[in-house]
Amino acid sequence: MNQLVKDLMVPISEYATVSKGATLYEAVLALEKAQEKYDQTKTQHRAVLVMDKQNKIVGKLSQLNVLRALESGNEGTDHIGEIEKFGFSTKFVANLRERSRLKDISFRKMCIKPAGMKVEKFMKTLSENQYVEENTSLDVAIYQLMAGPYLSLMVVRDQDAVGILRLTDIFLAVVDAMKANKANKAK
Amino acid sequence: MIALEKLYDRIIQRTNINLRELKFDVSPQIEGLIPLRQLTKFYAFYGISPNHPIDFQFRHSNLSGSYFLGKCKVTNSLLYKSDIRGDELKKEGDSFRFGNFIIPINGDESMDIQNSLLVKTLVHNFSHDPETPDIFYIRDTVSLHFANIHGSPSRGCFLEPFSTVDLTTMKDCVIGAYSYVQAGEISRLNIKPGTVWVRVPDNFNFMYQFPSEQLKEYIQFNKGENPKGLFMDFVNARKGDFQRVFETVNKEQTVVVPDSASLDRYAVTKSENHINENVLVSQRAFLQNVWLGKGANAQENSIIINSRLERYNVTAHGAKIIEADLGEKVFVGFNSFLRGQPNEKSNSRLTVGKGSIIMPHTIIDIDEQLKIPDDTLVWGLIRNKKELEQNSVSITEFEKVDSGYSKGDMVFEGNGANFVAAFRDRINHILEANGAFFDGKKNRGHAQKNQNMSFNTIQPYPEGDLEGLYPTIIIQP
């Protein structure tokens with residue numbers, strides 16, 4: 001039988017969530033807590049969902065977004081991120097970043113200011129292409145992931161979010177399918 | 001008026017479709033900014049001279065107060081007090097160099113403006129797009145007060161006030177107020193106000209970002225509001241002088257103009273002005289108590305007051321120079337604002353040494369005397385000696401840069417000598433095109449070719465459903 005998105009998705013209830021207006025610190029604590037509770041045999045969550053007052057998902061905060069916050073939350077290097085889109089080489093930007101870095105600031109100190117900043121400043125809103133119906137077949141969802149490309153898709157039932165379909169879970173499904181094919185052939 | 005309203009909505013919709021990926025909506029930005037009633041008040045005019053091929057084609061458009069020269073087509077567009085200057089378009093038989101390609105031009109190039117709204121915008125130069133070397137197109141584009149579209153084909157873009165896009169093909173972009181972009185080709189970029197960006201891929205990349213709060217003092221654009229700030233106050237204070245020039249049919253010229261120089265009949269001159277040989281003063285330029293040396297030029301929308309410019313100075317489109325003395329061959333880039341103070345008041349005139357390059361979109365606004373040394377590269381916001389130190393470098397020193405350089409809010413990657421050479425070449429080309437090197441026989445340019453031009457005026461329907469629209473008009477030799 002063909003696999004569907006709902007067979008592989010992680011239910012929304014198992015995901016870390018915070019309300020719009022929460023700080024970055026509250027968001028990373030929520031993620032840590034969700035990871036502790038999550039089944040250790042599965043791949044850990046890497047993002048926090050941001051909800052509005054009506055409990056609708058308005059954005060997603062990934063680990064990468066948190067790292068970006070370290071940069072833009074600290075004066076001295078925040079403007080450098082801006083210039084990357086203007087065709088400067090990676091080497092040049094890295095060099096500039098190194099020279100602009102606040103002198104004598106420890107890694108721990110770098111985390112002070114961003115911790116108090118609001119999640120909505122760093123979260124990513126989801127585009128229309130990042131939503132998928134729960135009864136969609138897996139091969140269609142794979143195509144949708146690749147077209148982004150995205151690391152995950154929001155799974156919906158009648159427009160309500162019910163889960164997350166992650167690249168990592170699909171990858172494990174692919175591995176399982178390959179193994180099963182091999183085993184069948186051996187028989 | 002019904003047709004005009006429909007046309008306005010259609011242009012906004014088409015621009016929005018192009019900008020949908022940037023999630024940018026043009027409607028609230030310009031709501032109420034251009035009262036359509038205003039578009040019926042002014043006549044449009046075009047220049048005729050034996051030196052420029054003629055082919056004007058105006059269809060289903062409003063052209064209120066706009067000026068046309070050279071070959072141009074305008075379709076389904078609203079042009080308000082804009083200058084469409086086609087005197088540098090490529091001609092049949094020319095060739096256009098792009099990278100290793102030499103592209104032959106098989107027919108005269110023309111400007112082609114469709115589904116666009118241009119407000120007090122200057123369109124000049126020629127297409128630098130190798131894919132359309134014979135059409136300088138502007139499509140589905142909205143540009144606001146004193147923007148410059150210079151050699152830059154555009155599709156689906158929004159240009160905020162006092163922005164400039166130069167020698168760059170742009171697609172689906174938003175260019176913030178007072179930003180200058182010269183980057184060859186750009187798409188889907190939302191460039192914030194006060195960005196100065198000059199890039200030639202694999203060669204050099206220059207970027208400066210104005211401090212946003214300080215820039216607001218000079219130019220600020222909020223959606224649905226007329227642009228504000230010192231630049232607008234400065235321009236608006238001279239509006240009456242221009243109105244008089246445009247209302248007068250036969251203007252009496254009081255300034256002595258040498259045979260090899262040109263002072264456009266739509267330029268404003270006040271007090272005593274001295275114009276030397278090979279000088280070019282374009283339409284909508286403003287001179288008040290100015291001395292212009294041989295081959296100097298004052299381009300469209302430039303304002304020069306109580307200043308002396310030695311020979312071969314370039315005052316690019318929209319630049320302002322007040323209470324200043326500029327040495328030989330100083331280049332003042334697009335929309336730059338250079339303001340000293342009168343000597344008798346505070347002994348704080350501005351002096352710019354010979355050979356200096358004032359980058360496009362530079363603001364020098366001083367209360368104390370400031371002398372910029374010869375051969376200096378200057379950029380950014382400068383209000384005193386300390387800021388000059390932070391926002392300038394000797395050209396000789398900059399030519400030694402071989403990989404990267406940064407100073408204040410400016411960053412540069414690439415070869416400094418190539419950057420300077422590109423600017424010097426460009427300045428020479430401008431002087432050449434403007435006729436600065438005319439020797440009585442050779443090197444004729446705009447200063448010589450634009451003399452004795454005839455101007456015809458055209459008018460829109462005065463009332464009814466078509467009020468404000470110009471009838472289809474085709475003018476050919």
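User: What percentage of the 477 residues in chain B is buried?
Analyst: This is a predicted model. A residue is buried if 20 or more other C-beta atoms lie within 10 Å of its own. In chain B, which has 477 residues, the buried share is 51%.

User: Which residues have the most contacts inside the largest nonpolar core, and where does this core lie?
Analyst: This core has 131 residues, and B:Val332 and B:Leu338 have the most contacts inside it. Domain 1 (2-234 + 452-475) and domain 2 (238-244 + 255-449) of chain B both give residues to it, so the core lies between them. The residues asked for are B:Val332 and B:Leu338, and the place is between domain 1 and domain 2 of chain B.

User: Which residues is B:Leu338 in contact with, leaving aside its neighbours within four places in sequence?
Analyst: Contact needs C-beta atoms within 7 Å. With those neighbours left aside, the partners of B:Leu338 are B:Lys320, B:Ile321, B:Ile322, B:Ala324, B:Val332, B:Leu350, B:Ile358 and B:Ile364.

User: What is the radius of gyration of chain B?
Analyst: Chain B has 10 helices and 47 strands. For 477 residues the globule rule gives 23 Å. The value for chain B is close to that, so chain B is as compact as a globular protein of that length. Its radius of gyration is 21 Å.

User: Which helix supplies the largest share of the side of chain A that touches chain B?
Analyst: Nine residues of chain A are in contact with 10 residues of chain B. Helix H4 (78-83) and helix H5 (90-100) of chain A each supply at least two residues of that side of chain A. The largest share is three residues, and it comes from H5(A).

How values were computed: Residues are numbered from 1 along each chain as its sequence is written. Chains are lettered from A and ligands numbered from 1 in the order in which they are written. This is a predicted model: local features need pLDDT of at least 70, side-chain atom pairs count only at pLDDT 80 or more; totals for chains, interfaces and linings use all residues. A nonpolar core is a set of buried Ala, Val, Leu, Ile, Met, Phe, Trp, Tyr and Cys residues joined through C-beta atoms within 7 Å. A residue is buried if 20 or more other C-beta atoms lie within 10 Å of its own, exposed if 12 or fewer, and partly exposed in between; C-beta atoms are placed from the backbone. Domain bounds come from an automatic or database domain assignment. Two residues are in contact if their C-beta atoms, placed from the backbone, lie within 7 Å. Helices (H or I, at least four residues) and strands (E, at least two) are DSSP runs, numbered from the N terminus. The radius of gyration is taken over C-alpha atoms; the globule rule is 2.2 Å times the number of residues to the power 0.38.
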